[in-house]
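Subject: Structure handover

Hello,

Here is the structure you are taking over. Please open it first; my notes follow below.

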Amino acid sequence: MKEIDRDVRATVNKIINKRVTTMKAEESSSDDLLGILLDSNYKEIKQKGNTNFGLTTEEVIQECKLFYFAGQETTANLLAWTMILLAQHTNWQDRARDEVLKVFGDRKPDIDGLSRVKVINMILHEVLRLYPAGIGLGRMIHEETTLGNITLPAGSFLQLHMMLLHYDNEMWGDDVKEFKPERFAEGVSKATKEQASYFPFGGGPRICIGQNFAMLEAKLALVMILRGFSFEISPLYAHAPHTILTLQPQYGAQLILRKL
């Protein structure tokens, strides 16, 4: 683990140093998240006149690790589970592909079109209900709080188990374990009988800052996949949801893709 950590730090540090050199040569490098972060940081330090302001290299490295593990890994898992479920429920795969062709045709996907793919939006929300990236959220109570007939003292730590709520048949109905994207036909707020029973991105003031970006990214990738391929489950696939930080297929997502 220590060796891997050193390798990651060395790799990211090398990238950062190269970007900083480019910036100091007054060449633009802000065409991605790291470039925007470094550019903003460099301007902050330059404006204040010393390095006590802005982020240190160590803090930038930590941000890069966060971009990857909280952003790339979670979205990749969402797409993997989505393809598995659409391979198992080909009627929804066909519906989603029909929508893609109707909205975009042969055009390159754009923001306007991605905001109008209702079927894909329903599918992604249902996948996040069944297989959220994180299965629980930890929260600290800072003030004494009463919930029903339970009083929780300040300093209590709560573990909010997302899947217990996402699979609660009193909230979702007797078909809670079934893949039914139509639950979200009228949006998230009308999908359940109770509020705060669906929170794949968390909630409140600490809701995931990357929620909108992640959903946009997932929609774009799914549109491209559906337009280029049809897919079905391979006989080699073994269904085994497994948690290593995020919820992922333990033995991989074996799919058979056919080019359209």
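H6 is mostly covered, with 11 of its 13 residues buried. Buried means under 20% relative accessible area; exposed is over 50%, and partly exposed lies in between (1.4 Å probe, protein chains only). Helices (H or I, at least four residues) and strands (E, at least two) are DSSP runs, numbered from the N terminus.

Some background. This is a predicted model: local features need pLDDT of at least 70, side-chain atom pairs count only at pLDDT 80 or more, and totals for chains, interfaces and linings use all residues. Residues are numbered from 1 along each chain as its sequence is written, and side-chain values use heavy atoms, with hydrogens and water left out.

Back to H6. Its buried residues include Val119, Ile120, His125, Glu126 and Arg129. They pack against H3, H4, H7 (162-166), H8 (169-172) and H9. From first C-alpha to last, H6 reaches 19 Å, close to the 18 Å expected at 1.5 Å a residue. The expected span is 1.5 Å times one less than the number of residues.

Next, the partner H4. H4 (residues 90-104) and H6 (residues 118-130) pack at about 140°, axes 8 Å apart. Axes are lines fitted to C-alpha atoms, for helices over the stretch in contact, and angles run from 0 to 180 degrees between N-to-C directions. The two helices are therefore oblique to each other. Angles under 35 degrees count as roughly parallel, over 145 as roughly antiparallel, 65 to 115 as roughly perpendicular and the rest as oblique. On the H4 side, Trp92, Arg95, Ala96, Glu99 and Val100 make the contact, meaning heavy atoms within 4.5 Å. On the H6 side, Lys118, Val119, Ile120, Met122 and Ile123 do.

Val117 counts as buried, at 2% relative accessibility. Leaving aside residues up to four places away in sequence, Val117 touches Glu99, Val103, Phe104 and Lys219.

H9 (residues 211-228) has 18 residues and reaches 26 Å, close to the 26 Å expected. Its buried residues include Ala214, Met215, Lys219 and Leu222. Their cover includes H3, H4, H5 (111-114), H6, S5 (229-233) and S8 (255-259).

Last, another helix pair. The axes of H1 (residues 2-24) and H3 (residues 57-88) come within 10 Å and cross at roughly 110°. That makes H1 roughly perpendicular to H3.

Best wishes
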